[in-house]
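Morning, everyone. I have one structure to show you today. Please take a look at the screen before I start.

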Amino acid sequence: MNKELINLVDISKSYDGEMVLDELNLNIHENEFLTLLGPSGCGKTTTLRILGGFVTPDMGRVIFDGQDITSLPPNKRQLNTVFQKYALFSHMNIAENIAFGLKIKNKPKTYIDDKIKYALKLVNLEGFEKRMPDSLSGGQQQRIAIARAIVNEPKVLLLDEPLGALDLKLRQDMQYELIRLKNELGITFIYVTHDQEEALTMSDTIVVMNQGYIQQVGTPETIYNEPENAFVADFIGDSNIIDAVMLEDKLVSILGTKFGCVDTGFGRNKPVDVVIRPEDVELVKPEEGTLHGTVTHLIFKGVHYEMEVMAGGFEWLVHSTGMFPGGTKVGIKVDPFNIPILNKPASEDEEATAIEE
Amino acid sequence: MKNNRLMGKLFSSPYIVWAVIFILVPLGMVFYYGLTDKTGAFTLENVTAIMTAEHAKALWISLGLSLISTVICFFLAYPLAMILANMNVNQHSFIVLIFILPMWMNFLLRTLAWQTLLEKTGVINSILSFLHLPVLNIINTPYAIILGMVYNFLPFMVLPIYNSLVKIDANVVNAAKDLGANSIQTFFKITLPLSIPGIISGITMVFIPALTTFVISKLLGGSKILLIGNVIEEEFTQAGNWHLGSGLSIVLMIFIIINMAVSAIFDKDGEGSFL
């Protein structure tokens, strides 16, 4: 892991008495693609605005490269932002937009011209210098917003839901584009989104947030495969979150049926949550399954079928390439590796942070 | 489609009739009277009459005073509009109300009120002399006319500027700061250029009524200062010379059209590359 570039230390912020961030601590590394992921109102945008300098935290410090920049205004910070809905200067053409930051810093004209060319090439919009922002499509405006930010050679690029206004296909293309840009520039990207797929595709590190708290920090794989709590499991992809009892090491009782698992150290007869991804649920012939049930719904989703199976008094969500029409009696099997065991939230407080949507 | 268009025509017909009777016909009459003499023969004399010393002077004073008033209105209105635009909705609706409230009162009444306030023995001077301060002698001077114009037309400058300021996305301003601009640079490079359409319509909405007013100059300027509006009014009401009055009106219209044409060009640029 590269060296730490930004430390958020005990950051708290409230608006009109409503707590948005509560003693948030986060370390961001050099050359990292870090995504702040969470539902609306989770504090991710506030965190980004604190980094950009547009919001001053009530408490806590922002350390950038070893220096406290908590009260430094945005125009003095070594980072640039790509804003939601691009925020291009509509009264300037593309070249003037990109040159804005450089002109403020009184860079020589030849340097600025070179930079404009370089930036437009980087975002694949060569020859757009004289165009006006209004004449560009959403995706092109997005690229210009990125070009305008990166010509200033920031150490960190902040991106506030930059793909939110684009259609699905374009959004996917831009995701690859952003990864390529980040690799070419070799700088830190801090990305805010509520779209878990975007987060999983692009990030080195995902920070899952909810109600002002960080729920989990980890690589996309860890976040997806080993969610730390029911909120993370529920927010990242679909999942079956079921009350269960840990009978002993490597044996869990789910809906009254014993399943083998791989977790140990929970003690005996301990109530827990299990999280089973829909694609990890295997549907087999009734006599081969650990649990028996009936298919209640079947939807074709393109890559796979989505089915709901009533078994053991719980409606299981199942993704499978095999098709079982509604009414079919099936058996349910789950590989022990695919049954992550989560501790129940310890208090009402934690319960409140768990599931919101 | 055809039916819709027919319905549209039907519904717009009252307005078309109204426009013809109250806009086109009077305008046609102004041109008819302005371009004919008493015998009904064509002449340009009524229009060229603007060249006579008395009329030219009135026109210059009108242009000068309305220009000064427009400039004063702009410098008062812009900061005010900015303060309003930066307020939250609850606060600003109250302030906007305070601002618009006087506009609900009759224009003549408000101007008459200023006459009473400014008179040599008026309210302000009574208070000043009661406090043993030197009295104000601005009634019947150009200053009183400018005061009247600024007072009456200021809201027409504030509102369009305010409208164009609130339309600016807060993130655009943030983006400028993010790119290193300080508050002053941000204002001159971003906020001001983006509010030009509002400024232009504000200028038009103050300059044109100020240029054509005759009430303000009559009430606050006494009979000493004649604006072009007063000259035209006198031709119609006192001299009874509709031909000359109309001729001078045509000249005034030319100035208004020039003003609007210039605004249109600037406004278009404001949407485009104007910086």
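**Sheets, helices and an interface**

Let's begin in chain A. Strand β11, residues 240–248, is joined to strand β14, residues 270–276, by 7 bridges. These two strands of chain A run antiparallel. Pick out A:I242 on your screen. Which residue stands opposite A:I242 in β14(A)? That is A:V274.

One caution before we go on: this is a predicted model.

Now widen the view. β11 and β14 belong to an open sheet of 5 strands in chain A. Read the order with me: β13-β12-β11-β14-β20. The pairing is antiparallel. Which strands sit at the edges? They are β13, residues 257–260, and β20, residues 341–343, of chain A. Each of them pairs on one side only. Neighbouring strands in this sheet are turned against each other by 45 degrees on average, with direction ignored.

Next, another sheet in chain A. This open sheet has 4 strands, in the order β2-β1-β4-β5, and its pairing is antiparallel. The edge strands are β2, residues 18–29, and β5, residues 67–68, of chain A. Again, each pairs on one side only. Look at β1(A), residues 4–15. Strand β1 pairs with β2(A) over 8 bridges, in the antiparallel sense.

Helix α1 of chain A, residues 44–52, lies across β1, β2 and β4 of chain A. Against β2(A), helix α1 runs at about 60 degrees.

Over to chain B, and a pair of helices. Helix α5(B) covers residues 107–118, and helix α7(B) covers residues 142–166. Their axes come within 11 Å and cross at roughly 140 degrees.

Who meets whom? From α5(B), the residues include B:F107 and B:W114. From α7(B), they include B:L147 and B:Y151. The residues of this contact divide into 6 nonpolar, 3 polar and 1 charged.

Last stop: where the chains meet. Here 19 residues of chain B are in contact with 20 residues of chain A. On the chain B side, α8 (170–178) and α9 (183–194) each give two or more residues. The largest share, 6 residues, comes from α8(B). That side of chain B divides into 9 nonpolar, 7 polar and 3 charged residues.

Key: Residues are numbered from 1 along each chain as its sequence is written. Chains are lettered from A and ligands numbered from 1 in the order in which they are written. This is a predicted model: local features need pLDDT of at least 70, side-chain atom pairs count only at pLDDT 80 or more; totals for chains, interfaces and linings use all residues. Two residues are in contact if their C-beta atoms, placed from the backbone, lie within 7 Å. Ala, Val, Leu, Ile, Met, Phe, Trp, Tyr, Cys and Pro count as nonpolar, Asp, Glu, Lys and Arg as charged, and the others, Gly among them, as polar. Two strands pair if DSSP finds at least two bridges between them. Axes are lines fitted to C-alpha atoms, for helices over the stretch in contact, and angles run from 0 to 180 degrees between N-to-C directions.
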